[in-house]
Amino acid sequence: MSEITKVALDAMGGDNAPKAIIQGALDVITKRQDIHVFLVGKEKIIEEELNKHEYPKEQISIVNATEIIETAEPPVMAIRRKKDSSIVVAMNMVKTGQADAFVSAGSSGAILVGGQVLVGRIKGVERPPLAPLIPTKNGVSLLIDCGANVDARPSHLVQFAKMGSIYMKNVIGIDNPKVAIVNIGAEEEKGNALVKETFPLLKACEDINFIGSIEAREIPHGEADVIVCEAFVGNVILKLFEGVGSTLISQIKNGLMTNVRSKIGALLVKPTLKETLKKFDASEYGGAPLLGLNGLVVKTHGNSTAKEVANSIIQCVTFKEQRINDKIKETIQKKVE
């Protein structure tokens with residue numbers, strides 16, 4: 001049997017906690033024997049939810065944490081003051097090696113701060129970026145950064161490109177992934193100061209397959225495998241991507257139910273349409289890893305369903321098996337030394 005991957009799961013984080021979080025964990029362990037989940041949070045609440053289910057008990061452990069970091073709390077203060085929160089307790093498990101990875105749908109700010117302060121950055125990594133997979137016509141692309149570093153420097157973006165390439169090659173299986181920087185045009189001289197300064201650095205980087213600039217409208221076409229940008233731009237792209245996608249899916253469904261003729265047509269195309277729309281369902285791709293840390297931290301959507309939680313846990317297995325952190329260390333520290 002494969003080596004067990006130990007995941008510390010924030011049972012109290014997110015809009016649908018603890019029910020959807022715990023259900024996601026149970027969905028995974030009933031199908032896979034190579035995963036052990038530590039449910040971190042208020043013990044009594046977790047036990048009450050678990051008692052409603054039948055599951056392989058040897059694959060679940062409860063780790064009591066008496067506090068919860070709320071979304072509106074100042075992240076730095078919350079991490080410092082709430083030492084017994086589910087986020088802090090779970091991250092410390094990753095730091096000490098009790099767990100291989102941490103997954104949470106909780107406070108983004110606290111997860112970003114905790115990842116750097118508690119888990120810590122790999123030596124040589126200047127800033128850890130959040131890197132979600134987004135669906136495209138050709139499969140998926142990695143958007144890096146989408147929320148961690150709104151005032152990034154050119155050297156940060158170069159490291160994002162390197163780490164993103166490692167992730168796409170080893171986790172997604174894309175050989176020599178194409179890297180592009182988000183810009184307002186294809187010409188090298190276009191863009192703001194950050195893009196203009198970063199472009200030649202990426203162009204000269206031997207560790208990546210840099211193809212130049214990419215405009216936002218080209219991202220859904222899958223023109224690049226790694227989409228490099230600072231977090232403000234990345235977050236806008238991600239939110240717009242999700243909003244347009246959900247709106248289009250809703251409108252398509254409404255249109256198919258307009259009249260008798262459209263309903264008959266809907267029955268005919270339902271199998272194909274369902275499979276196509278599934279590719280644009282964010283929950284299929286798990287969460288966004290915070291790359292460049294000494295351990296794996298994965299942030300899922302605040303409104304994550306059990307499916308997204310389950311896929312995020314499975315994502316951790318691939319990350320560990322492919323030794324992503326070791327490969328990032330080798331690439332980044334090669335330049336440092």
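**Exercise 1. A residue with positive phi**

Task: State which loop holds Asn176, and whether Asn176 is buried, partly exposed or exposed.

Solution. Step 1: Asn176 sits in the loop between α6 and β7 (178-182). Helices (H or I, at least four residues) and strands (E, at least two) are DSSP runs, numbered from the N terminus. The model is a predicted one, in which local features need pLDDT of at least 70 and side-chain atom pairs count only at pLDDT 80 or more, while totals for chains, interfaces and linings use all residues. Residues are numbered from 1 along each chain as its sequence is written, and side-chain values use heavy atoms, with hydrogens and water left out.

Step 1: Most residues other than glycine have a negative phi. Asn176 is not a glycine, yet its phi is positive, about 55°.

Step 2: The relative accessible area decides the class: buried means under 20%, exposed over 50%, and partly exposed in between (1.4 Å probe, protein chains only). Asn176 has 49% relative accessibility, so Asn176 counts as partly exposed.

**Exercise 2. A second case**

Task: Find where Arg323 lies and give its phi.

Solution. Step 1: Arg323 belongs to the loop between α10 and α11 (324-336). Step 2: Its phi is positive, about 55°, although Arg323 is not a glycine. Step 3: With 39% relative accessibility, Arg323 counts as partly exposed.

**Exercise 3. Cis peptide bonds**

Solution. Step 1: Most peptide bonds are trans. Step 2: Ala17 and Pro18 are joined by a cis peptide bond with omega of about -5°. Pro18 is placed in the loop between β1 (5-10) and α1.

Step 1: The bond from Ile144 to Asp145 is also cis, with omega near 25°. Asp145 lies in the loop between β6 and α6.

Step 2: Pro18 also has a neighbour from another part of the chain: Ile45 is 27 residues apart from Pro18 in sequence and 8.0 Å apart in space, C-alpha to C-alpha. Ile45 is in helix α2 (residues 43-50) and is partly exposed, its relative accessible area being 33%.

**Exercise 4. Salt bridges**

Task: How many salt bridges are found in the whole structure, and which parts of the chain does the pair Glu126 and Arg153 tie together?

Solution. Step 1: Side chains of opposite charge can pair when their charged atoms come close. The cut-off is a side-chain nitrogen of Lys or Arg within 4 Å of a carboxyl oxygen of Asp or Glu. By this rule the whole structure has 13 salt bridges.

Step 1: Glu126 and Arg153 form one of them, at 3.6 Å from N to O. Glu126 is in the loop between α5 (108-119) and β5 (133-136) and Arg153 in the loop between β6 (139-144) and α6 (154-172), so the pair ties together parts that are 27 residues apart in sequence. Glu126 is partly exposed at 26% relative accessibility, and Arg153 is partly exposed at 43%.

Step 2: Lys162 and Asp207 meet in another salt bridge, at 3.7 Å from N to O. Lys162 belongs to helix α6 and Asp207 to the loop between α7 (193-204) and β8 (209-214), so this pair ties together parts that are 45 residues apart in sequence. Lys162 is buried, at 9%, whereas Asp207 is partly exposed, at 29%.

Step 3: Arg32 pairs with Asp34, and their closest N and O atoms are 2.8 Å apart. Arg32 is partly exposed, with a relative accessible area of 25%, while Asp34 is buried, with 9%. Glu3, Asp100 and Lys320 are linked in a network of salt bridges.
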